[in-house]
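Trainee: Could we go through this one together? I'd like to start with the surface and then move on to the fold.
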Amino acid sequence: VSQSRYGGQEDYGLRKVLPSPRNRVGICERVYIPAMPNGQRAMVIAEFVGINANQAHVSACVNSNGGITFHRGYGYFFNASSNGEGVIATTDPILTTNAWNHVEIQVGISLTDGWIRVAVNGVHRFEITGVNTAISGSDQQCHSVRHGIGWRLAFDGGVANFYMDDYQIYD
């Protein structure tokens, strides 16, 4: 079990570099959330990263009602909307507190034909297709995946803690 929590200016969680770049990637992990984030806090459970290790194509952030908001790039960070970043989509509330949630997220990286699928505890809960999931036209492949970031938005003095276990990546 790994605990993710904000630990200062840099808290990047677990990063796995893929053996070769992929235009579609899936992740599975069990996530235990003691309390949902609130205010300006972001609970980033996964990032699908391009060739630049500091540039995410898609970031998956748990929001205060248990939904997952998918951002292109680091749009969750200070509500950034520059460089093509911003909200791609938000799910209905699908995660619960004080329980292990088995979360599966699949992402297809494309400027025009991207897609995102989510299953929780083995049940398909969300899908969106035909969206821009690439941060740039020259980089439309996932090179690594980061998990367990627990980043706080706007450094507001709170924490966005959670635990993760049974982590897998697949194509």
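Mentor: Accessible areas here come from the Shrake-Rupley method with a 1.4 Å probe. With that in mind, and remembering that this is a predicted model, the protein exposes about 7700 Å², of which carbon and sulfur atoms supply 44%.

Trainee: And what share of the residues is buried?
Mentor: Of the 171 residues in the protein, 49% are buried, where buried means under 20% relative accessible area.

Trainee: OK, on to the fold. How many helices and strands are there?
Mentor: There are twelve strands and zero helices, so the elements, read from the N terminus on, run β-β-β-β-β-β-β-β-β-β-β-β.

Trainee: How much of the contact set comes from residues 24 or more positions apart?
Mentor: Taking the contacts with a separation of 6 or more, residues 24 or more positions apart account for 66% of them.

Trainee: Which strands form the open sheet, and in what order?
Mentor: The open sheet is formed by six strands in the order β2-β11-β4-β5-β6-β7, and their pairing is antiparallel. At the edges stand β2 (14-22) and β7 (86-90), and because each has a single partner strand, one side of each is left without a neighbour in the sheet. From one strand to the next, the twist averages 20 degrees.

Trainee: What holds paired strands together in general?
Mentor: Strands of a sheet pair through backbone hydrogen bonds, and the arrangement can be either parallel or antiparallel.

Trainee: Why does Asn121 count as partly exposed?
Mentor: Asn121 counts as partly exposed because its relative accessibility is 46%, and that class covers values between the 20% cut-off for buried and the 50% cut-off for exposed.

Trainee: And where does Asp166 lie?
Mentor: Asp166 lies in strand β12, which spans residues 162-170. Although Asp166 is not a glycine, it has a positive phi of about 50 degrees, and with a relative accessible area of 44% Asp166 is partly exposed.

Key: Residues are numbered from 1 along each chain as its sequence is written. This is a predicted model: local features need pLDDT of at least 70, side-chain atom pairs count only at pLDDT 80 or more; totals for chains, interfaces and linings use all residues. Side-chain values use heavy atoms; hydrogens and water are left out. Buried means under 20% relative accessible area, exposed over 50%, partly exposed in between (1.4 Å probe, protein chains only). Helices (H or I, at least four residues) and strands (E, at least two) are DSSP runs, numbered from the N terminus. Contact means heavy atoms within 4.5 Å. Two strands pair if DSSP finds at least two bridges between them. Axes are lines fitted to C-alpha atoms, for helices over the stretch in contact, and angles run from 0 to 180 degrees between N-to-C directions.
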